[in-house]
Amino acid sequence: MEQIERLPRTETMVLNVGPQHPSTHGVLRVLVELDGELIVKAEPDIGYLHRGIEKLCEGRTYHKCLPLTNRIDYLAGEVNAFGFCLTVEKLLGIEVPKRAQYIRVIIAELTRIASHLFWLGTHAHDLGAMTPLFYAFREREKIMDLCEMASGGRLFPLYFRIGGLAADLPEGFVEKAWEFVKEFPEKWKDYDRLLTENEIWKERTVGVGVMTKEEALDWGWSGPMARGSGVDWDLRRDNPYSSYQDFDFEVPLGTREGDTYSRYLVRMQEMLQSNRIVRQALEKLPKGDIKVDDPRISLPPKEQVYSDIASLIHHFLLIEEGVKPPKGEVYQAIEAPKGELGFYIVSDGTGKPWRVKVRRVMDGLGLSNPAFIKTEHLIADS
Amino acid sequence: MHPAAEFLQEKFPDEVVEVMEFRGDTTVVVKPGRIVDICRALRDNTRLSFKYLSVIAALDYHPQSPRFAVVYNLYSHRNHDRITLKAYLDDAAPVIDSVTSVWSTADWHEREAYDLMGIKFKGHPNLKRILLPQDWKGFPLRKEYPPRGE
């Protein structure tokens with residue numbers, strides 16, 4: 001009888017994960033090296049959704065860049081335009097009227113809730129819990145409706161303009177927003193009850209993807225990701241823009257050592273804080289203009305464009321030549337739902353930006369960090 | 001003047017070329033040679049504590065010369081303020097030392113600057129294209145690169 005020598009196979013296997021189809025969230029390909037079900041090494045390959053926005057911006061006026069900026073993070077469309085507008089306004093050396101600042105805050109914070117709800121639904125879905133998605137999207141839909149009411153757009157409202165807003169809030173918006181703000185904390189309890197103490201949920205998130213505070217800073221983490229690791233930092237509080245200093249809110253921090261569960265808790269609390277900010281902004285919403293009174297920056301009212309030749313010329317020039325910030329370079333960052341979003345803009349004094357550099361939140365995620373796609377985790381948990 | 005600018009002028013008098021203020025942003029133009037030392041000094045100074053690198057931006061000023069520049073925007077969680085460092089690079093072969101040893105997050109920023117602007121970072125652990133396919137020709141963010149295809 002032939003004796004067959006059986007040796008245990010000890011070599012590792014390389015598995016190609018993705019790229020995911022563009023219609024799914026986050027197109028990413030990861031090459032993982034596996035030892036059985038344990039990850040030994042992981043190398044992410046990004047760039048599948050690279051659309052050359054920075055290059056495209058160089059060829060158009062500042063205002064025409066806005067639709068592009070909306071698409072940087074498509075789950076928080078208007079927040080990206082928020083950052084771009086603030087940067088150009090910094091270049092111009094102007095501040096928009098108080099009412100416009102408050103309305104921007106309302107839209108930005110509602111967007112933050114929507115973005116977090118999307119994260120919550122899909123995150124839970126990825127871990128095998130189907131139900132939270134339906135609850136999260138129920139409220140997200142209401143925020144989309146509010147965006148649509150204000151601007152006509154849902155994912156990409158395109159409501160902010162350099163120097164203010166496209167238009168004032170429509171009739172009925174404030175009442176509808178109040179309705180949302182009042183019922184949201186109750187609805188929030190639904191998600192909390194579904195997940196926070198859920199055994200399976202904790203099993204798959206506690207102790208997974210641990211990032212210490214020092215690592216988080218070193219790898220450029222910001223926003224809820226960094227706060228999950230205990231970095232006490234929020235640009236809205238520490239470098240306030242657009243009147244954030246007028247509002248009373250807390251910055252939730254992770255209670256445990258920077259794991260996925262800790263980041264989950266931070267984001268959950270952030271939704272309630274955002275709701276609080278919207279409530280205060282609605283309460284204190286000042287009356288007044290919604291764009292700066294400067295013909296070199298703001299478009300004239302549409303009725304005048306149709307009836308008055310000077311306004312028509314003015315409209316035409318602003319559309320064709322655009323606003324012209326002085327020569328210079330500035331950087332402005334905002335607290336986007338996912339972290340620090342910044343723009344570095346170089347102006348050569350013409351109506352088109354010489355260079356736009358976007359500091360996306362993704363830049364700081366440090367997916368290349370071997371500690372992030374934690375080695376020695378089960379493939380199913382990472 | 002921004003305390004970090006004062007600190008650099010004192011500690012690296014030969015490296016600081018110019019300090020600029022614009023709209024509340026302070027930019028310190030430095031020579032590229034000792035960028036790693038400068039960054040490490042800013043990070044390790046307990047009073048300044050620039051432990052966080054926000055962004056590295058590669059700029060092209062074509063047809064001016066020097067043509068290329070690299071901009072580092074740093075943030076201090078201790079003081080909640082920022083400083084921008086800027087270094088102009090050689091036209092023909094833009095090279096600067098990698099700061100990945102100071103902040104790990106520089107890894108991807110530098111890869112992007114290499115991928116889109118063709119700036120080389122000496123000492124980078126894995127300097128290859130990050131967004132575009134590996135066999136891509138040219139550097140799209142350079143001014144001579146057409147914004148749309150033929």
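Predicted model: local features only at pLDDT ≥ 70, side-chain atom pairs only at ≥ 80, totals over all residues.

**Helix 4 against helix 5, chain A**

I began with a helix contact in chain A: from helix 4 of chain A, Ile107(A), Leu110(A), Ile113(A), Ala114(A), Leu117(A), Phe118(A), Leu120(A), Gly121(A), Thr122(A), Ala124(A) and His125(A) meet Pro132(A), Leu133(A), Ala136(A), Phe137(A), Glu139(A), Arg140(A), Ile143(A), Met144(A), Leu146(A) and Ala150(A) of helix 5 of chain A.

Residues are numbered from 1 along each chain as its sequence is written, and chains are lettered from A and ligands numbered from 1 in the order in which they are written.

Next I looked up the geometry of this pair. Helix 4 of chain A and helix 5 (residues 131–151) of chain A pack at an angle of about 155°, and their axes are 9 Å apart. That makes helix 4 of chain A roughly antiparallel to helix 5 of chain A. Axes are lines fitted to C-alpha atoms, for helices over the stretch in contact, and angles run from 0 to 180 degrees between N-to-C directions. Under 35 degrees counts as roughly parallel, over 145 as roughly antiparallel, 65 to 115 as roughly perpendicular and the rest as oblique. The crossing of helix 4 of chain A with helix 5 of chain A is left-handed, meaning that the near helix is turned anticlockwise from the far one by less than a right angle (clockwise would be right-handed). Helices (H or I, at least four residues) and strands (E, at least two) are DSSP runs, numbered from the N terminus.

**Helix 3 against helix 4, chain A**

How does helix 3 of chain A pack on helix 4 of chain A? I found an angle of about 135° between helix 3 (residues 77–92) and helix 4 (residues 98–126) of chain A, with axes 8 Å apart. That makes helix 3 of chain A oblique to helix 4 of chain A. This crossing is left-handed. Glu78(A), Val79(A) and Phe82(A) of helix 3 of chain A meet Arg104(A), Ile107(A), Ala108(A) and Thr111(A) of helix 4 of chain A. I sorted the residues of this contact into four nonpolar, one polar and two charged.

**The sheet in chain A**

Three strands of chain A form an open, antiparallel sheet in the order 1-2-3. Strands pair if DSSP finds at least two bridges between them. Strand 1 (13–17) and strand 3 (38–45) of chain A are the edges, each pairing on one side only. Neighbouring strands of this sheet are turned by 20° against each other on average, direction ignored. Strand 2 (residues 29–35) of chain A is joined to strand 3 of chain A by seven bridges.

Is strand 3 of chain B mostly covered or exposed? Nine of the nine residues in strand 3 (residues 52–60) of chain B are buried, so I call this strand mostly covered. A residue is buried if 20 or more other C-beta atoms lie within 10 Å of its own, exposed if 12 or fewer, and partly exposed in between, with C-beta atoms placed from the backbone. Strand 3 of chain B pairs with strand 4 (residues 68–76) of chain B in the antiparallel sense over eight bridges. Leu53(B) stands opposite Leu74(B) of strand 4 of chain B.

I then checked the loop between strand 3 and strand 4 of chain B, where Pro63(B) and Pro66(B) lie. His62(B) and Pro63(B) are joined by a cis peptide bond, with omega about 5°. Ser65(B) and Pro66(B) are also joined by a cis peptide bond, with omega about 0°.

**Where the chains touch**

The contact takes 28 residues from chain B and 36 residues from chain A. On the side of chain B, strand 3, strand 4, strand 5 (81–89) and helix 3 (106–117) of chain B each give two or more residues. The largest share of that side, six residues, comes from strand 3 of chain B.

Arg23(B) has a positive phi of about 50° although it is not a glycine. I placed Arg23(B) in the loop between strand 1 (16–22) and strand 2 (25–30) of chain B. Arg23(B) counts as partly exposed because it has 17 C-beta neighbours inside 10 Å.

Key: Contact = placed C-beta atoms within 7 Å. Nonpolar A, V, L, I, M, F, W, Y, C, P; charged D, E, K, R; others polar.
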